[in-house]
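Open your viewer and keep the selection tool at hand.

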Amino acid sequence: MKRAWLFVVLFTALVTSGVALAQGGAGGGSGGSTSAEISSEDASRIQRVALDHLVRFALDWVRSPNDPKASDYKATASAMRVILRYAPKDVELLRLRIAALRAAGELDEVQSATKQLIRLRPDDTVAQLRVLMWSIHNRQDAASRMAMYDRLLGPRGAGLDISIRSRLAFDAALLAREMGEEGVYRDRLLLAAEDRTNKEAAALFSTEFLGRAQSGMERVELLANVVLSDPVDAGALENLAGELMRRGAFRGAQRMWDRVSDVLVNSGDGMSSQQLFEYDLGLWALEGAEATLAPIDVVYNAQVMALEMEQARMKEEGISFDEDKEYVLPQIMETIRLAVYLSQEWAVEVANVEEDGAEEEADAEREGAADEDKEDGAQEEVKNSRAQASLDRIEVALDDIYRSREAGGDDEEMLVDLRAAVSLEMNATRLWSGLELDEAEAAVEELEGFAADDVIDAEAVDRFRGMLAAQHGDLEAAERLLGAIGASDDTFARYGLCIAEERGGSLELAIEKYRSLALDAPETLLGGLARERVEWLGGGEVDYGEDARAIDDYMMDFAPWLDRLTASPRNFIELRVESPRTSLGPLERMEVELTLKNVSRWPLAVGPGKPIHTRILLVPSLRVGGKDIRLRDDGTLVAEALEVVQPVVVELDRRIRLLPGESIVERVWVGKGGVGRLLDRTVSLGATVRWRAVQGFVALPDGGYEKGANCITTAGDVIRRASAPKVIDEEDLAFRFKEATVAELMVVLMQARGWLVDIALDPDMDDLDVNTTAGGMALAIEGRYEDMDDSLKSLVVSFLAPYGFFNNEGANGIMERLLDEESDLVRLAVLSSYGTHVPDEYVREIAEGDDKELAEIARLVVERVGLEEEEETLGDDSAAAAAVEAMFGGGEDESGEEGGGGL
């Protein structure tokens with residue numbers, strides 16, 4: 001044998017994933033007893049360890065560096081089925097089999113295994129629904145499928161959970177719609193909507209009946225039901241806020257916009273410019289100009305400061321930059337600031353009129369101020385200073401949009417379209433604000449050119465000319481150009497007609513037209529300006545009516561728990577990671593108990609993309625032999641080449657919904673991943689592990705992980721794994737095998753494995769020494785072979801084969817005995833460790849045998865080994881050995897004490 005091969009196998013085992021631990025006592029003898037008697041408890045414990053190691057081998061087939069194929073997944077599923085013969089009630093193992101079958105595309109077997117899962121876990125509503133839907137969809141035609149839906153949704157299915165009946169009813173509604181049975185469609189949709197957590201049903205119900213709603217309150221209630229189905233869906237909250245704005249229910253709208261902000265912040269995002277614009281429109285109506293400007297100014301000032309700091313840094317580092325560059329808000333945000341500035345200046349004018357007691361005096365004061373500015377060389381009136389600066393920034397923002405697209409390589413046709421859009425937007429803003437009217441008038445010729453080239457339509461030019469006429473007080477021209485357009489509820493045209501009446505001196509009519517626009521379009525910028533103009537002209541506050549007040553009252557009482565729920569995911573989710581035992585023996589199974597609980601006052605859907613996300617990442621922080629081998633809080637590796645420290649993914653999709661106070665509780669074997677394998681390989685060293693749960697995790701480009709949107713993280717207790725005594729020499733190992741009870745043989749086998757690791761890392765051992773040592777170890781095992789049951793025999797293979805033990809000539813005798821075993825456990829272990837020590841005829845015999853599952857595995861083994869021999873990608877053995885020794889050389893921590901300390 002080549003010792004290089006042993007080094008490589010050892011290192012490969014260390015840096016691949018998948019493994020687990022089970023309980024074991026201290027090593028050594030106990031008075032020399034060789035009785036083959038063993039308690040049922042010890043036998044069960046040994047069998048659990050044996051099964052766990054076979055599970056790891058099976059999982060390794062689909063965790064190889066190469067992309068696994070369907071046959072790999074099928075072989076894994078077959079191995080799981082063999083193991084389930086000995087642990088038929090192991091739900092976690094059954095779920096692993098189902099996942100492998102699904103990946104292999106074996107849907108019939110998935111259904112059969114899922115039915116078995118329901119027998120073990122009758123509270124698993126997700127599995128129940130899957131089986132029912134499979135049964136329905138397997139029907140040959142729509143009529144028979146509908147008949148089955150009718151049976152399940154009738155008295156026969158009365159015992160089904162409402163969450164299951166709701167989803168069945170929703171699917172039945174869709175089928176009825178396809179079949180043209182409108183009455184059945186509506187009835188089934190109503191039944192589906194009875195479960196408030198069925199978001200798809202709530203959304204379809206809303207879409208179906210929104211257009212038929214007789215009042216604004218009915219529309220609001222329909223959209224509110226969609227919110228209740230998923231209270232952390234920013235889109236549903238935003239739709240409801242928009243409807244409330246259109247109804248003039250600004251208090252309710254702001255409450256919903258605040259909830260949108262909560263959800264987006266908890267998702268790691270912020271509100272978009274469009275969302276902030278709509279939020280500020282409602283704030284303006286509700287709390288006035290100063291309250292509206294405050295959040296805009298906070299954003300603006302923060303960005304200005306950031307730009308100044310960046311420019312200072314670049315200057316210090318000698319990097320050139322545009323010193324004239326200034327930060328500008330997104331155009332839509334600057335637009336609302338301009339409108340608010342205008343409303344403030346109107347209010348100042350009103351205050352001046354009231355203070356002076358006469359309109360003439362106010363006019364004289366304004367004229368004096370304008371004359372003074374002209375003398376100083378100013379280009380605008382005092383009253384327009386802030387508004388004018390805002391308009392200038394809008395022009396810069398629009399110009400930046402055009403320049404960025406131009407620099408981005410847009411073709412000429414696209415740039416012409418954009419130039420026309422920018423010109424329209426900029427000049428329309430000049431017109432409704434009443435600023436820079438000369439510039440707007442000068443743009444008429446350009447816009448007419450765009451219209452002549454069919455870049456914009458002629459109506460756009462009419463709107464433009466009509467607003468110009470309105471600003472100049474030409475009522476006749478304004479009505480001729482804007483009248484028909486305004487009748488179609490074009491807010492820009494209607495606002496122009498309001499201005500025309502005002503400039504023409506018909507103040508009472510102007511006030512009524514402004515009021516009408518404010519009531520009809522409260523969710524628009526010009527609707528807001530119209531509201532402010534009514535007050536400026538002395539028309540008092542705009543009253544949005546009893547319906548608006550009733551809707552506001554309804555929304556302020558709506559779901560009182562909602563504000564707290566959206567404020568933080570911890571207000572509706574509880575995630576716990578608990579360790580059944582925090583002190584483990586060297587071979588004790590490492591498990592954690594995950595609890596996912598609804599702590600809100602409302603039933604919530606659970607699952608991927610639902611309010612309570614069920615996908616959990618368990619991230620380990622690990623210390624072995626005094627060395628930190630862990631992931632940081634952000635998921636990145638502390639040390640290099642430690643792929644062994646792989647997180648464990650858990651999908652807690654057991655329930656469709658959770659009622660208030662309900663939980664999903666699951667025991668998870670965390671040792672089946674890389675941490676379990678690492679601890680198994682370093683059993684002579686003490687270790688500590690702490691698991692952190694990351695809900696709805698998102699993988700980062702640098703290999704780290706972070707929690708998902710509206711999810712939480714939490715950490716469990718520190719788990720301490722005791723070390724097992726090392727084997728001193730061959731005589732010591734032989735003595736332990738001879739003196740151990742049958743119950744202790746598993747621990748001695750584990751110690752033998754630890755000795756193999758030491759041999760691999762011993763530079764003084766040559767190939768002859770290794771072969772001799774393997775022979776001596778094999779003789780010691782043969783001496784106790786007759787005392788071993790099938791579980792212990794499978795552990796001989798599982799423990800020792802990964803380190804090349806059976807590639808030594810001295811181990812031929814024990815391997816021959818193992819190859820004669822007919823136990824499916826032993827055969828599975830041998831197939832899982834297939835290498836040069838296993839004759840090809842042995843594998844072929846199993847592949848052609850009656851055991852369907854073992855035959856499937858044998859065929860895969862032949863296929864995979866052939867591929868590996870062709871690729872020969874073992875790498876540099878000396879580098880592998882050096883890496884292993886660097887990671888785990890020695891067994892003492894910094895204090896000189898054996899074993900691992902705290903994290």
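This is a predicted model: local features need pLDDT of at least 70, side-chain atom pairs count only at pLDDT 80 or more; totals for chains, interfaces and linings use all residues.

Residues are numbered from 1 along each chain as its sequence is written, and side-chain values use heavy atoms, with hydrogens and water left out.

**Stop one.** Select residues 199–210, which form helix 10. Helices are DSSP runs (H or I, at least four residues), numbered from the N terminus. Helix 10 has 12 residues and reaches 16 Å from its first C-alpha to its last, close to the 16 Å expected at 1.5 Å a residue. That expected span is 1.5 Å times one less than the number of residues. Now colour its buried residues (under 20% relative accessible area, 1.4 Å probe, protein chains only). They are A201, A202, L204, F205, S206, E208, F209 and L210. Show what covers them: helix 8 (162–178), helix 9 (182–192) and helix 11 (216–229) are included.

**Stop two.** Select helix 22 (residues 458–471) and helix 24 (residues 491–503). Their axes, lines fitted to C-alpha atoms over the stretch in contact, come within 7 Å and cross at roughly 20 degrees. Helix 22 and helix 24 are therefore roughly parallel (angles under 35 degrees). Show the contact (heavy atoms within 4.5 Å). Helix 22 supplies R463, M467, A470 and Q471; helix 24 supplies F492, Y495, G496, I499, A500 and R503.

**Stop three.** Select A734, in helix 30 (residues 730–739).

Terms used. Helices (H or I, at least four residues) and strands (E, at least two) are DSSP runs, numbered from the N terminus. Axes are lines fitted to C-alpha atoms, for helices over the stretch in contact, and angles run from 0 to 180 degrees between N-to-C directions. Angles under 35 degrees count as roughly parallel, over 145 as roughly antiparallel, 65 to 115 as roughly perpendicular and the rest as oblique. Buried means under 20% relative accessible area, exposed over 50%, partly exposed in between (1.4 Å probe, protein chains only).
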